[in-house]
Amino acid sequence: MRSLALDQVGLAFAHLINGDLDEAVSVGSAATDTAGQVQSDRVRVQLREFYLEVKTRDDPAGAGLSQQIRDTLAARDHLT
């Protein structure tokens, strides 16, 4: 599950960098769901970096994903 979460976050990040916000949101949501099922600091760090990047886009399409990531990370006390 950890590898899957890391792969999903990486893929979501790639979509975001390439300007495909809709796909980044879709894959990022799946990554967030997977990340919520594993206890891995590495996954949480990658997810937090993705969150920060999504947040800088300030696009309404990413608002729901930002909240989902925030909730997932806050549940584990990893978001400051």
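This section describes the fold, core and selected residues of a predicted model.

The protein chain contains 4 helices and 0 strands, and the order along the sequence is α-α-α-α. Its radius of gyration is 11 Å, close to the 12 Å given by the globule rule for 80 residues, so the chain is as compact as a globular protein of that length. Along the principal axes, the C-alpha trace spans about 30 × 25 × 15 Å. Buried residues make up 38% of the 80 residues of the chain. Of the contacts between residues at least 6 apart in sequence, 67% join residues at least 24 apart.

Helix α1 covers residues 2-17, that is, 16 residues. The distance from its first C-alpha to its last is 23 Å, close to the 22 Å expected at 1.5 Å a residue. The buried residues of this helix are A5, L6, Q8, V9, A12, F13, H15 and L16. These buried residues pack against two other helices, α2 (21-35) and α3 (41-57). After α1 comes G19, which has a positive phi, near 85°.

The largest nonpolar core comprises 20 residues. Within this core, the residues with the most contacts are L16, V43, L47, F50 and I69. Each of α1, α2, α3 and α4 supplies at least two of the core residues, and α1 gives the largest share, with 6 residues. In soluble globular proteins, nonpolar side chains tend to be buried together.

The surroundings of F50 illustrate the packing in this region. With neighbours within four places in sequence left aside, F50 is in contact with V9, A12, F13, L16, A24, G28, L65 and I69. L16 and I69 are, like F50, listed among the core residues with the most contacts.

V54 lies in helix α3 and is buried, since its relative accessibility of 4% is under the 20% cut-off. Residues up to four places away in sequence not being counted, V54 touches L16, G62, L65 and S66. The C-alpha atoms of V54 and F13 are separated by 8.7 Å, with the two residues 41 apart along the chain. L16, one of the residues touched by V54, is a contact of F50 as well.

Two residues of α4 were also examined. T72 is placed in this helix and has a relative accessible area of 16%, so it counts as buried under the 20% limit. Apart from residues up to four places away in sequence, T72 touches T32, G36 and L47. Of these, L47 is one of the core residues with the most contacts. R70 is likewise found in helix α4, but this residue is partly exposed, with a relative accessible area of 28%. The C-alpha atoms of R70 and D22 are 19 Å apart, and the two residues are separated by 48 residues along the chain.

A search of the whole structure finds 1 salt bridge. The partners are R57 and E53, whose closest N and O atoms are 2.8 Å apart. Side chains of opposite charge can pair when their charged atoms come close. Because R57 and E53 are 4 residues apart in helix α3, they are separated by about one helical turn. Both partners are partly exposed: the relative accessible area is 35% for R57, and the relative accessibility is 26% for E53.

D58 has a positive phi of about 45°, although it is not a glycine. This residue is found in the loop between α3 and α4 (60-75). D58 counts as exposed, because its relative accessibility of 69% is over the 50% cut-off.

Technical notes
Residues numbered from 1 in each chain as written. Predicted model: local features only at pLDDT ≥ 70, side-chain atom pairs only at ≥ 80, totals over all residues. Heavy atoms only, no water. Expected span 1.5 Å × (residues − 1). Buried < 20%, exposed > 50% of the residue type's maximum accessible area, 1.4 Å probe, protein only. Contact = heavy atoms within 4.5 Å. Salt bridge = Lys/Arg side-chain N within 4 Å of Asp/Glu carboxyl O. Core = buried A, V, L, I, M, F, W, Y, C linked by side-chain atoms within 4.5 Å. Rg over C-alpha atoms; globule rule 2.2 N^0.38 Å.
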